[in-house]
Amino acid sequence: MRLSLFVLSLALFGCETTPLPGEGETVVLAHGLGRTRASMAVLKQRLEWAGYRVESVAYDSRGASFPEQVTTLAAAVERCCAEVPVIHFVGHSLGGLVIRGYLGDNRPAGLGRVVMLAPPNQGSLFVEWLGEVPGGTEALGPVGATLGTGSTDLPATLPPPDYEMGIIAGTRSVHPIGPIAIPGPDDGIVSVEQARVEGVPMLVLPRSHYLIMNSRHTAEAVIRFLRTGSFEGAGQAVG
């Protein structure tokens with residue numbers, strides 16, 4: 001009787017022979033400016049449900065220099081993922097730029113795909129607006145203050161991606177200054193055009209800068225891109 005129950009339990013719970021899509025692959029998450037890895041917890045859980053092993057990296061987004069942030073990410077990747085067969089990256093806002101900075105000098109042997117959520121790839125006009133306010137950029141820290149749109153600002157100094165990358169931009173602004181400081185569709189901090197990188201596929205969702213990573217639709221689009229390299233069928237792809 002006990003043996004029969006044991007065999008039945010294996011049939012019900014322990015005999016899954018087909019791995020989940022993504023099983024054996026790792027996704028490294030990098031949070032945005034002024035946030036912690038807790039801000040990526042919802043996306044982390046959804047990626048794990050999809051079969052991925054997920055490492056959420058914490059770095060000092062306000063106090064550290066950009067090279068220090070990149071070094072923190074590099075050390076985390078070395079600890080977690082030196083032997084993994086496939087490693088993907090997903091970054092929110094500044095986290096996406098940290099990933100770009102890391103991949104500019106480091107190329108994991110098993111590099112998969114990269115997804116950036118609401119990234120200031122061409123800088124942020126909101127940051128420039130803050131720069132015109134006395135003390136406006138102090139809360140952003142040394143790196144946040146360099147996220148303008150000028151040719152010497154951080155985003156313009158990053159090498160163009162030569163790996164598979166997709167971008168998800170938002171169009172829901174909950175910040176009262178966003179529509180004033182940023183022309184065109186924006187998420188309150190970064191416009192759709194400022195998120196763009198030439199030649200990189202982009203998906204636009206009606207989500208805000210602060211919460212885009214928590215959206216179920218964002219997670220579904222991230223997973224689709226990690227699996228296929230395309231956002232096709234995930235919403236409004238714009239290039």
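A: Let's begin at Gly-96: setting aside neighbours within four places in sequence, Gly-96 is in contact (heavy atoms within 4.5 Å) with Gly-91 and Met-116. This is a predicted model, where local features need pLDDT of at least 70 and side-chain atom pairs count only at pLDDT 80 or more, while totals for chains, interfaces and linings use all residues. Residues are numbered from 1 along each chain as its sequence is written, and side-chain values use heavy atoms, with hydrogens and water left out.

Gly-96 sits in helix H4, residues 94-105; helices (H or I, at least four residues) and strands (E, at least two) are DSSP runs numbered from the N terminus. With a relative accessibility of 0%, Gly-96 counts as buried, a word used for under 20% relative accessible area, against over 50% for exposed and partly exposed in between (1.4 Å probe, protein chains only). Val-115 is 19 residues away from Gly-96 in sequence, and the two C-alpha atoms are 7.8 Å apart in space.

Arg-113 makes a salt bridge with Glu-164, with 3.0 Å between the closest N and O atoms; the term asks for a side-chain nitrogen of Lys or Arg within 4 Å of a carboxyl oxygen of Asp or Glu. Since Arg-113 lies in strand E4 and Glu-164 in the loop between helix H7 (154-157) and E5, the pair ties together parts that are 51 residues apart in sequence. Arg-113 counts as buried at 17% relative accessibility, whereas Glu-164 is partly exposed with a relative accessible area of 40%.

Strand E5 (residues 165-170) runs parallel to E6, and four bridges join them; two strands pair if DSSP finds at least two bridges between them.

Helix H10 brings us back to charged pairs. Arg-216 forms a salt bridge with Glu-220, where the closest N and O atoms are 2.9 Å apart. These residues are four apart in helix H10, so about one helical turn separates Arg-216 from Glu-220. Both ends are partly exposed: Arg-216 has a relative accessible area of 45%, and Glu-220 comes to 40%.

Helix H2 (residues 41-49) holds another pair, Lys-44 and Glu-48, four residues and about one helical turn apart. Their side chains meet in a salt bridge at 2.6 Å, N to O. Lys-44 is partly exposed at 25% relative accessibility, as is Glu-48 at 31%. A search of the whole structure finds six salt bridges, these among them.

The structure holds three aromatic pairs. One of them joins Phe-126 and Trp-129, stacked with 6.1 Å from centre to centre and 20 degrees between the planes. Rings of Phe, Tyr and Trp (its six-membered ring) pair if their centres lie within 6.5 Å, with planes under 30 degrees apart called stacked, over 60 edge-to-face and the rest tilted. Phe-126 and Trp-129 are three residues apart in helix H5 (residues 125-131), about one turn. Phe-126 is buried at 7% relative accessibility, while Trp-129 is partly exposed at 31%.

Finally, here is the chain as a whole. The chain has 10 helices and seven strands, and buried residues make up 49% of its 239 residues. Of the contacts with a separation of 6 or more, 73% are between residues 24 or more positions apart. The accessible surface comes to about 11500 Å², with 56% belonging to carbon and sulfur atoms; such areas come from the Shrake-Rupley method with a 1.4 Å probe, and for residues only the protein chains shown count as cover.
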